[in-house]
Amino acid sequence: MKTSKRVLAVAGVLAAVGCLGCLGTAAARGFDFGNMLDKKYEVKTYEVSEGFDSMAFDLDIEDVNFQISNDGKTRVMCSEDDRFRHDVKVDGNCLKVHTNNTRRWFDNIGIVRNSPKITVVMPQKEFQAIDFVGDTSDLDIDGISTKSMKIEVDTGDIDIKNSSVMGDFRVKTSTGDVNLTEVKSANLYFDTDTGDITLEHALSQGVLDIKTSTGDVDLNDIDSSTGKIETDTGDVSGNILTSKIFYAKTSTGDVNVPTSTQGGIYNITTSTGDIEITVNK
C-alpha cells in the first residue's frame with residue numbers, strides 16, 4: 001500500500017512538472033497557442049555570384065535537393081524563420097551552407113506540417129568535392145559528377161541518381177534508407193545503423209563495402225571488383241553483373257550464392273538473415 005502511494009506521489013509530481021513546463025512554454029510565447037501548434041517557414045533566396053567547384057553543407061533538419069538553373073545563375077533557397085536561418089557563402093572556391101539555429105528549447109515544441117527545405121539551383125553539374133553533414137535531413141541528388149562525395153546524416157534518407165564519383169563515395173547514417181540508382185564510382189562505402197541499402201545499376205571500379213546493423217541490402221544489376229557486406233539483422237539479396245568468388249556466412253538464415261573460381265572476392269556475412277545472390281555471367 002505504501003509503495004502504491006509513493007508511485008502515485010511520484011506520478012503526481014511528474015504531472016505537475018509537465019504542466020508547469022507547458023505553462024512556461026505558453027508564457028514564453030505570449031500565450032499564443034496558434035504559434036505553439038504550428039511552425040511556419042518563409043523561403044529566403046540567397047543569390048550566389050562567385051564561382052565555385054566544391055560544395056559543403058553543415059545542416060540541422062533541412063531536406064536538400066538540387067536543380068539545374070535555366071538562366072545560368074546560382075541561388076540557394078532556404079526555409080527560414082526568426083530563429084532558424086542560414087549562412088550561405090563561397091569560401092575558397094567552395095559553396096558553404098550552414099544552419100544558424102538559435103532556437104530555444106520551447107521553440108521546438110509544436111507541429112511541423114512540412115520539413116524545412118533547401119533547394120540549390122545552379123547551372124553546373126561537375127564538382128571537385130561534395131561534403132554533406134545533417135542531423136535530420138533527407139538528401140536528393142540527381143545528375144551530378146564529382147571527384148569525391150561524403151555524406152553523413154544522423155536520421156534521414158539518401159537518394160542519389162544518375163551521378164558519378166571519380167574517387168571515393170562514402171555514406172554514413174544512423175537511421176535512414178540509402179538508395180543509389182545509375183551511380184558510378186571508384187569505390188563505394190556505406191555504414192548504417194538502421195536502414196535499408198538499395199543499389200540499382202551501381203558500379204564501383206574498386207571496392208563495394210557495406211556495413212549495417214539492422215536493415216536489408218538489395219543489389220540489382222550492380223558490380224565491383226571486390227565486395228564486403230556485413231549485416232547484423234537483415235537479408236542480403238540481388239544480382240551481380242560478373243562472376244565473383246563468394247564467401248557467404250549467416251548464423252540464422254539460408255545461403256544461396258553461385259559457386260565460381262573466377263572474379264574478385266565477395267565476403268558476405270549476416271547474423272540473422274538470408275543471403276541470396278545471382279550472377280549474370
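This is a predicted model: local features need pLDDT of at least 70, side-chain atom pairs count only at pLDDT 80 or more; totals for chains, interfaces and linings use all residues.
Modeller: Residues are numbered from 1 along each chain as its sequence is written, and side-chain values use heavy atoms, with hydrogens and water left out.

Biologist: How many helices and strands does the chain have?

Modeller: Helices (H or I, at least four residues) and strands (E, at least two) are DSSP runs, numbered from the N terminus. Counted that way, the chain has two helices and 21 strands.

Biologist: What percentage of the residues in the chain is buried?

Modeller: Buried means under 20% relative accessible area, exposed means over 50%, and partly exposed lies in between, with a 1.4 Å probe and protein chains only. The chain has 281 residues, and the buried share of them is 39%.

Biologist: Which residues have the most contacts inside the largest nonpolar core?

Modeller: A nonpolar core is a set of buried Ala, Val, Leu, Ile, Met, Phe, Trp, Tyr and Cys residues joined through side-chain atoms within 4.5 Å. The largest such core has 51 residues. Those with the most contacts inside this core are Phe66, Ile151, Phe169, Phe190 and Leu199.

Biologist: Which residues does leucine 199 touch, not counting residues up to four places away in sequence?

Modeller: Contact means heavy atoms within 4.5 Å. Leucine 199 is one of the residues with the most contacts inside the largest nonpolar core. Leaving out residues up to four places away in sequence, leucine 199 touches Leu180, Phe190, Leu208, Ile210, Asp218, Leu219, Asn220 and Ile222.

Biologist: Which strand holds aspartate 191, and which holds lysine 172?

Modeller: A salt bridge is a side-chain nitrogen of Lys or Arg within 4 Å of a carboxyl oxygen of Asp or Glu. The side chains of aspartate 191 and lysine 172 meet this test at 3.5 Å, N to O. The pair links distant parts of the chain, 19 residues apart, with aspartate 191 in strand β12 (residues 178–194) and lysine 172 in strand β11 (residues 158–175).

Biologist: How many salt bridges does a search of the whole structure find?

Modeller: One of them joins aspartate 168 and arginine 170 at 3.5 Å, N to O. Glu80, Asp82 and Arg85 are linked in a network of salt bridges. A search of the whole structure gives a count of ten.

Biologist: What is the bridge partner of lysine 228 in β20?

Modeller: The side chain of lysine 228 forms a salt bridge with that of glutamate 230 (3.5 Å, N to O). Strands pair if DSSP finds at least two bridges between them, and six bridges join β16 to strand β20 (residues 264–272), the two running parallel. In β20, lysine 228 has as its bridge partner asparagine 267.

Biologist: How many disulfides does a search of the whole structure find?

Modeller: A disulfide is a pair of cysteine sulfur atoms within 2.5 Å. Cysteine 78 is buried, with a relative accessible area of 1%, and cysteine 94 is buried at 11%. For disulfides, the search of the whole structure gives zero.

Biologist: Where is asparagine 93 found?

Modeller: Asparagine 93 has a positive phi of about 65°, although it is not a glycine. Asparagine 93 is partly exposed, with a relative accessible area of 46%. Its place is the loop between β5 (84–91) and β6 (94–101).

Biologist: Which strand is the place of aspartate 221?

Modeller: Aspartate 221 is not a glycine, yet has a positive phi of about 55°. At 22% relative accessibility, aspartate 221 counts as partly exposed. The place of aspartate 221 is strand β15 (residues 217–222).
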